[in-house]
Amino acid sequence: MENNFKENGLVSMILIIDFGSQLTQLIARRLREVGIYSEIMPFAADCKKYLAKKPRGIILSGGPNSVTQINTPRAPDEIWNGTPILGICYGQQTLCKQLGGRIETGIKREFGRARLDVLEECSLFQNLPKETDFDVWMSHGDHVSELPKGFSVVARSAGAPFAAIADNMRRYYGVQFHPEVVQTTGGTQILKNFAQLICNCKNDWSMTEYKSHAIQAIKKQVGKTGVVICGLSGGVDSSVTAILLHQAIGERLICVFVDHGLLRKGEAEEVVELFTNYYNIQLIHKDASKLFLSKLRGVSDPEQKRKIIGASFIEVFDEEAQKIAGAEFLAQGTLYPDVIESVSLSGGDNVTIKSHHNVGGLPKFMKLKLIEPLRMLFKDEVRKLGKELGIPEILVGRHPFPGPGLAIRILGNVSSNKLKILRDADSIYLDEIRKAGLYDQIWQAFAVLLPIRTVGVKGDARSYEYVCGLRAVMSTDGMTAAIFPFTSEFLAHVSTRIVNEVSGINRVVYDYTSKPPATIEWE
């Protein structure tokens, strides 16, 4: 459906070629935030497929490699076709190298905040603060030492004499810093300037337009008689998928809720109540908690947990789907980051960041056609779409929750007793966050159960119970995150409640680690 959305000419597009930077998704998100559609292409992917969508501009991302070394990534030859190009960090370096410039490893490197000195007027820096210098975020050891013919220096920093360069005739530009991060002054404006002033893009990307197009695309794909099964988890993604489908095809949607027994406290009951009574959507509720627990018994490796849960979900789902007469389609709540993270940059299958059980098509034994209406959306865009669909804030504003559920918040092996302990602790934690009016200020908050026990005292008796870890982060996209600064009084109060009310926990700790270096989830 994402291809039709672009091919129908509804939006102008910026293509981002990914060289492996952890920040590449931020480039796409920043552009979409200002109404400009963007897609990400791994550098080794089939460039012709993406160029066929007629992007109005191309951005070359940063990356961990060095242009000075042999066999490191380069931009595809096909992009030098008159389309405007912006190179960022590694992208600037490979742009210069491929056009005849020179790159060298510097004695002085720049990591973190740096002062940019703008030397001459350039479209990239329009509508920014009038000062000629401002803060940018650098992360590089190599730098451009000689420009290709046709380029001029637009800005410099202490460690990068060619911090911003321009060839206005060919509309090729490069910046050594990262405009996509919040630490760069006016970074979003720089990306917007490239897209609008240089590439002539329109800010025609909106959830209102997307909803209308998605509904029409679903109707076209399903036809007038097709029946769709939707795998429902109760989370934001699958819920938005289901309600979008329901608005498109009505009673020809049947949701299958496979309850793997790994949800938060009271969540399964909430899902059933919402979809059967509030939305009046056909719902099959399959309680498979005993099956999932039996298959997870003795398993402690997080990636193995994910694979077991994914495979078991498909097994149970298929069993229920076969009972539905006339079903032709399966709908999933796959998101764009799921797709990106499940694809190797080099085109192989050996460098994926994380396996996602709803990415990569269907097993051969499932004779259903796939519908993924959210496949090109980021998480915050899904929430916006949910609001366009009229979904209550209590659901659409819910914190992200992993598909494998509490199985990856119980470090080590999973058991029914540990699940109860964690559910109770997590419920208390979230309850106190809501009471304090902090829930909407936090991107994600949850409890984890650690695989260690410590000595404690409860009453006059010695206890030997589990440690509970608390996590809460602030983020706009989940790609980077800072810890939420609870007061010590709040944490002490939550800790007291958990230790007093949850049998099995005698110690509570708070995770103060940002992302990076840590991930948000513990597994």
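The following exercises, each with a worked solution, concern the predicted model shown above.

Residues are numbered from 1 along each chain as its sequence is written. In this predicted model, local features need pLDDT of at least 70, side-chain atom pairs count only at pLDDT 80 or more, totals for chains, interfaces and linings use all residues, and side-chain values use heavy atoms, with hydrogens and water left out.

**Exercise 1. Describe the largest nonpolar core and the surroundings of L124.**

Step 1. A nonpolar core is a set of buried Ala, Val, Leu, Ile, Met, Phe, Trp, Tyr and Cys residues joined through side-chain atoms within 4.5 Å. Buried means under 20% relative accessible area, exposed over 50%, and partly exposed in between (1.4 Å probe, protein chains only).

Step 2. The largest such core contains 108 residues, and I59, L124 and F125 have the most contacts inside it. Helix α7 (residues 236-249) supplies its largest share, eight residues. Helices (H or I, at least four residues) and strands (E, at least two) are DSSP runs, numbered from the N terminus.

Step 3. A separate second core of 55 residues includes I229, L296, L368 and Y439.

Step 4. Contact means heavy atoms within 4.5 Å. Leaving aside residues up to four places away in sequence, L124 touches L86, Y173, V175, I190, N193, F194 and I198.

**Exercise 2. Determine how helix α6 packs against α7.**

Step 1. Two packed helices are described by the angle between their axes and the distance between the axes. Axes are lines fitted to C-alpha atoms, for helices over the stretch in contact, and angles run from 0 to 180 degrees between N-to-C directions.

Step 2. The axes of α6 (residues 207-222) and α7 come within 9 Å and cross at roughly 65°. Therefore α6 is roughly perpendicular to α7, a class that spans 65 to 115 degrees.

Step 3. The crossing of α6 and α7 is right-handed, that is, the near helix is turned clockwise from the far one by less than a right angle.

Step 4. On the α6 side the contact is made by K211, A214, I215, I218, K219 and V222, and on the α7 side by L244, L245, Q247, A248 and I249. By class, these residues are eight nonpolar, one polar and two charged. Here Ala, Val, Leu, Ile, Met, Phe, Trp, Tyr, Cys and Pro count as nonpolar, Asp, Glu, Lys and Arg as charged, and the others, Gly among them, as polar.

**Exercise 3. Characterise the packing of helix α14 with helix α15.**

Step 1. Helix α14 (residues 416-435) and helix α15 (residues 488-501) pack at an angle of about 145°, with axes 10 Å apart. Their crossing is right-handed.

Step 2. Residues of α14 in the contact include I428 and D431, while those of α15 include F490 and R497. The contact comprises seven nonpolar, one polar and five charged residues.

How values were computed:
Angles under 35 degrees count as roughly parallel, over 145 as roughly antiparallel, 65 to 115 as roughly perpendicular and the rest as oblique.
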